[in-house]
Amino acid sequence: MFTHRKESVVQALIEAASTYLARISNKQSLITITRADVADNYSEATLFISVLPESDEDKALAFANRHLSEMHTYVSEHVRMKRTPIFTFVIDHGEKNRQALEDLKGPSTLAK
């Protein structure tokens with residue numbers, strides 16, 4: 001369970017990392033940070049991303065990983081923390097599964 005502090009840190013990290021990726025991206029694919037998991041001691045953070053089009057996932061993941069050092073510097077300048085965590089990017093398969101379930105459900109019944 002997240003504490004209020006941890007939730008605030010997670011949101012700040014997601015916002016800063018998203019801003020950085022948007023600034024350096026070549027706009028060939030849309031990279032979205034969907035969620036983050038931060039270690040209890042704040043030393044590590046896993047950033048889950050989704051990529052559109054999905055066919056560019058490998059390229060986008062490689063792109064994000066190439067810029068980890070610069071992103072770490074950017075985040076440390078924009079998020080007030082004692083120590084900025086070490087980041088890892090992964091594809092958010094949970095989000096992909098959620099979207100697949102939505103597709104199976106069909107149109108929302110709320111639209112009626």
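Me: Which residue takes a positive phi in the hairpin of S1 and S2?
Reply: This is a predicted model, in which local features need pLDDT of at least 70, side-chain atom pairs count only at pLDDT 80 or more, and totals for chains, interfaces and linings use all residues. Residues are numbered from 1 along each chain as its sequence is written, and side-chain values use heavy atoms, with hydrogens and water left out. The hairpin has 5 residues between its strands, and the residue with a positive phi near 65° is Tyr42.

Me: How many bridges join strand S1 to S2?
Reply: Strands (E, at least two residues) and helices (H or I, at least four) are DSSP runs numbered from the N terminus, and two strands pair if DSSP finds at least two bridges between them. S1 covers residues 30-38 and runs antiparallel to S2. Within this pairing, Val38 stands opposite Ala45 in S2. The number of bridges joining S1 to S2 is 8.

Me: Which residues form the aromatic pair?
Reply: Rings of Phe, Tyr and Trp (its six-membered ring) pair if their centres lie within 6.5 Å; planes under 30 degrees apart count as stacked, over 60 as edge-to-face and the rest as tilted. A search of the whole structure finds 1 such pair. The pair is tilted, with 5.4 Å centre to centre and 40° between the planes, and its members are Tyr20 and Tyr74. The two lie 54 residues apart, in helix H1 (residues 4-24) for Tyr20 and in helix H3 (residues 68-78) for Tyr74.

Me: Is Tyr74 buried or exposed?
Reply: Buried means under 20% relative accessible area, exposed over 50%, and partly exposed in between (1.4 Å probe, protein chains only). Tyr20 has a relative accessible area of 9% and is buried. Because its relative accessible area is 11%, Tyr74 is buried.

Me: Which residues does Asp56 touch, not counting those up to four places away in sequence?
Reply: Asp56 is found in the loop between strand S2 (44-52) and helix H2 (57-66), and at 15% relative accessibility it counts as buried. With contact taken as heavy atoms within 4.5 Å, the residues that Asp56 touches are Gln28, Ser29 and Val51.

Me: Which element has the lowest mean pLDDT?
Reply: The predictor's confidence in each residue, from 0 to 100, is its pLDDT. The protein has a mean of 89, and 88% of its residues reach 70 or more. Helix H3 has the highest mean among the elements, 97, whereas the lowest, 73, belongs to helix H4.
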